[in-house]
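Hi,

Here is the structure I promised to pass on. Have a look at it first, and my notes on what turned up follow below.

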Amino acid sequence: MSTPAKKYGILVAVDGSPASEAAVTWAARESALRQTPVTLLHVIAPLIVTWPITTAQLEIAEWQDDNSRQVLEQAQKIFHAAAGDADVPPVRTESVPSPVIPTLYEVSKDAMMMVVGNRGTGAHRHLPIGSVGAGLLHHAHCPVVVVRAGVDTDTTAPVLVGVDGSPASEAAIRLAFEEASLRGVDLVAMHAWSDTAVFPAVEMDWHLYEEQAHETLAERLAGWQEQYPDVDVQRRLPCDRPAHWLVTESRTAQMVIVGNRGRGGFSGMLLGSVSSTVAQLSSVPVIVVRE
């Protein structure tokens, strides 16, 4: 079962940063696997001044246009280099002079998924995720892939998915099976019994909780395993702290897929604590899926 393509296909937000270039490389392989077109989009932030400097404004605008062309040309080169001899659909480029986050939020309505670097050219180097990535994780309408620079991903490693029974988690499971099938790798499904740290009590029957967790995970996976019989599933059942264990397990995975908010998120919450922590701390690409 493949995800239907939309106007922009796989949409990559580019800005010339190392993380942006890593995002383009990741999208090239995804495009080849899915046979889905890629759009490389560079959004030119408007110049805002509080005094009249007409001549300087024109010069800066011209520089921004030239820079945008260079960013997109470089992104195209990286895309084709990453694709190599693979048969990939055409890649298109687009430059839009507009506020960055609102523009990306709007175009995400017509994208199958959006791929971004964890930090752009203006982000502080110690921030795990810059303002654009963080804004999209909270507001994008499609799945958001956060990619880091300088990380060599093992393409034979499994796909890791967090399972908690929430609607967003169900969407994450669907995409996780799809990604594992496309790549011909195993799927590791992780379900924690509790979102917070558990302190064992002598009187508690932990075997009962473990059995219930096994049953819950089996129910969530059953239908998808029938649709994707080629995917071997490994199950992980830690008792608590799902964010901690997902980040730990991600070290031996090629990507992590989570829902944007889980069973503990209140109505109206756009990004839960687990998905936020995993997106910030995992070194491999993280896909956050909305319900």
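Helices H3 and H4 cross in a right-handed way, where right-handed means that the near helix is turned clockwise from the far one by less than a right angle, and left-handed means anticlockwise. Helices here are DSSP runs of H or I with at least four residues, strands are E runs of at least two, and both are numbered from the N terminus.

Before going further, a caveat: this is a predicted model, so local features need pLDDT of at least 70 and side-chain atom pairs count only at pLDDT 80 or more, while totals for chains, interfaces and linings use all residues. Residues are numbered from 1 along each chain as its sequence is written, and side-chain values use heavy atoms, with hydrogens and water left out.

Back to H3 (residues 100-107) and H4 (residues 131-139): their axes come within 10 Å and cross at roughly 35°. Axes are lines fitted to C-alpha atoms, for helices over the stretch in contact, with angles from 0 to 180 degrees between N-to-C directions. On the H3 side, Val100, Ile101, Leu104 and Tyr105 meet Ser131, Val132, Leu136 and His139 of H4 (contact is heavy atoms within 4.5 Å). By class, that contact has 6 nonpolar, 2 polar and no charged residues (nonpolar: Ala, Val, Leu, Ile, Met, Phe, Trp, Tyr, Cys and Pro; charged: Asp, Glu, Lys and Arg; polar: the others, Gly among them).

Then there is H1 (residues 18-34) against H5 (residues 167-183), packed at about 85° with axes 10 Å apart. That makes H1 roughly perpendicular to H5 (65 to 115 degrees; under 35 is roughly parallel, over 145 roughly antiparallel, the rest oblique). Trp26, Arg29, Glu30, Leu33 and Arg34 of H1 meet Leu175, Glu178, Glu179, Leu182 and Arg183 of H5. This contact divides into 4 nonpolar, no polar and 6 charged residues.

H5 also takes part in the 1 aromatic pair of the structure. Phe177 and Tyr228 are stacked, at 5.9 Å centre to centre with 25° between the planes (rings of Phe, Tyr and Trp, the last by its six-membered ring, pair with centres within 6.5 Å; planes under 30 degrees apart are stacked, over 60 edge-to-face, the rest tilted). Phe177 sits in H5 and Tyr228 in the loop between H6 (206-227) and strand S8 (233-236), 51 residues apart. Phe177 counts as buried because its relative accessibility is 0%, and Tyr228 is buried too, at 4% (buried is under 20% relative accessible area, exposed over 50%, partly exposed in between, with a 1.4 Å probe and protein chains only).

Cheers
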